[in-house]
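Me: I would like to go through the labels used for this structure and ask what each one rests on. Please set the values against the cut-offs.

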Amino acid sequence: MSRLLTLILAYRFGVKFSGEFNYTLSSCCLFFIPQRSTRPNIWQKYLSKLPYDRLSFQQWNDDSFNNHAYAPVLFNSEIELLNTEIKLKENGIFPRRYFYPSLDTLEYLKSDRICVISRSIASRILCLPIYPGLSLKNVNKIISIIETS
């Protein structure tokens, strides 16, 4: 990437350079920006291929948008989620349970309320891998494992 283009981008986004070292660092960072565009493709693949009878996807508000930072799927039951999670881990794929447990169950928050819906969703939601370096081969493998588990 040329120095001029880097300086134009830096000016546009309010970054100031104090020397060649900063220029080099910013050039390295700009190298990764195009890779972020692979996340929407991965998300679309999950959306189009995963079985809707076994899981569902988040419904987006009309005033919001998906930034593709996570790929949460909601299973019909916690047992289905746990079985799928085991199968994925056996194949070297490590999904995350970012939204588990429900916050009302944490003792240090001292909640008086029982949030039934939150507990239900937290126990059934699993975040699938979604990152720029994830190959379509691995995405297809993840989909296949979910379909057969």
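**Strands, pairs and labels**

Reply: S2 and S3 pair in the antiparallel sense over four bridges. The model is a predicted one.

Me: Why are S1 and S3 called edge strands?

Reply: The three strands form an open, antiparallel sheet in the order S1-S2-S3. S1 and S3 (125-128) each pair on one side only, and that makes them the edges.

Me: How do you know whether S2 is enclosed or open to the outside?

Reply: Five of the five residues of S2 are buried, so the strand is largely enclosed by the rest of the structure. In a regular strand, side chains alternate between the two faces of the sheet. Both faces of S2 are covered: Ala71, Val73 and Phe75 are buried on one side, and Pro72 and Leu74 on the other.

Me: Where do the strands fall among the other elements of the chain?

Reply: The chain has six helices and three strands. From the N terminus the order is α-α-α-β-β-α-α-β-α. Of its 149 residues, 30% are buried.

Me: What makes glutamate 78 and arginine 97 a salt bridge?

Reply: The cut-off is a side-chain nitrogen of Lys or Arg within 4 Å of a carboxyl oxygen of Asp or Glu. For glutamate 78 and arginine 97 the closest N and O atoms are 3.6 Å apart, so the pair qualifies. Glutamate 78 lies in helix H4 (residues 78-90) and arginine 97 in the loop between H4 and helix H5 (116-124), so the bridge ties together parts that are 19 residues apart in sequence.

Me: Why does arginine 97 count as buried, and what is the class of glutamate 78?

Reply: Buried means under 20% relative accessible area, and exposed means over 50%. Arginine 97 has 18% and therefore counts as buried. Glutamate 78, at 30%, lies in between and counts as partly exposed.

Me: How do you know that glutamate 85 and lysine 89 form a salt bridge, and where do they lie?

Reply: Their side chains meet at 3.4 Å, N to O, against a limit of 4 Å. Both residues are in helix H4, four residues apart, or about one turn of the helix. Glutamate 85 is buried at 11% relative accessible area, while lysine 89 is partly exposed at 40%.

Me: What does the salt bridge of aspartate 104 and arginine 119 link?

Reply: The side chains of aspartate 104 and arginine 119 meet at 2.8 Å, N to O. The pair links distant parts of the chain: aspartate 104 is in the loop between H4 and H5, and arginine 119 is in helix H5, 15 residues away. Aspartate 104 is buried at 10%, and arginine 119 is partly exposed at 34%. The whole structure holds four salt bridges, this one among them.

Me: Why is arginine 54 called buried, and what does its side chain reach?

Reply: Its relative accessible area is 14%, under the 20% limit, so arginine 54 is buried. Arginine 54 sits in the loop between helix H3 (38-49) and strand S1 (55-56). Its side chain reaches the backbone oxygen of serine 149 at 3.2 Å. A polar contact of 3.5 Å joins the side chains of arginine 54 and glutamate 80. Beyond neighbours within four places in sequence, arginine 54 has contacts including Leu74, Phe75, Thr84 and Ile146.

Me: What makes tyrosine 70 partly exposed, and which patch includes Tyr70?

Reply: Tyrosine 70 has 43% relative accessibility, between the 20% and 50% limits, so the label is partly exposed. Tyrosine 70 is in the loop between S1 and strand S2 (71-75). Tyr70, Tyr98 and Phe99 form a nonpolar surface patch with about 340 Å² of accessible area together.

Notes:
Residues are numbered from 1 along each chain as its sequence is written. This is a predicted model: local features need pLDDT of at least 70, side-chain atom pairs count only at pLDDT 80 or more; totals for chains, interfaces and linings use all residues. Side-chain values use heavy atoms; hydrogens and water are left out. Helices (H or I, at least four residues) and strands (E, at least two) are DSSP runs, numbered from the N terminus. Buried means under 20% relative accessible area, exposed over 50%, partly exposed in between (1.4 Å probe, protein chains only). A polar contact is a pair of N or O atoms within 3.5 Å; within protein, one must be able to donate a hydrogen and the other to accept it, and residues adjacent in sequence count only if both atoms are side-chain atoms. Contact means heavy atoms within 4.5 Å. Patches are made of residues with over 30% relative accessible area and no salt bridge: like charges are joined within 9 Å, nonpolar side chains (Val, Leu, Ile, Met, Phe, Trp, Tyr) within 5 Å. Accessible areas come from the Shrake-Rupley method with a 1.4 Å probe; for residues, only the protein chains shown count as cover. Two strands pair if DSSP finds at least two bridges between them.
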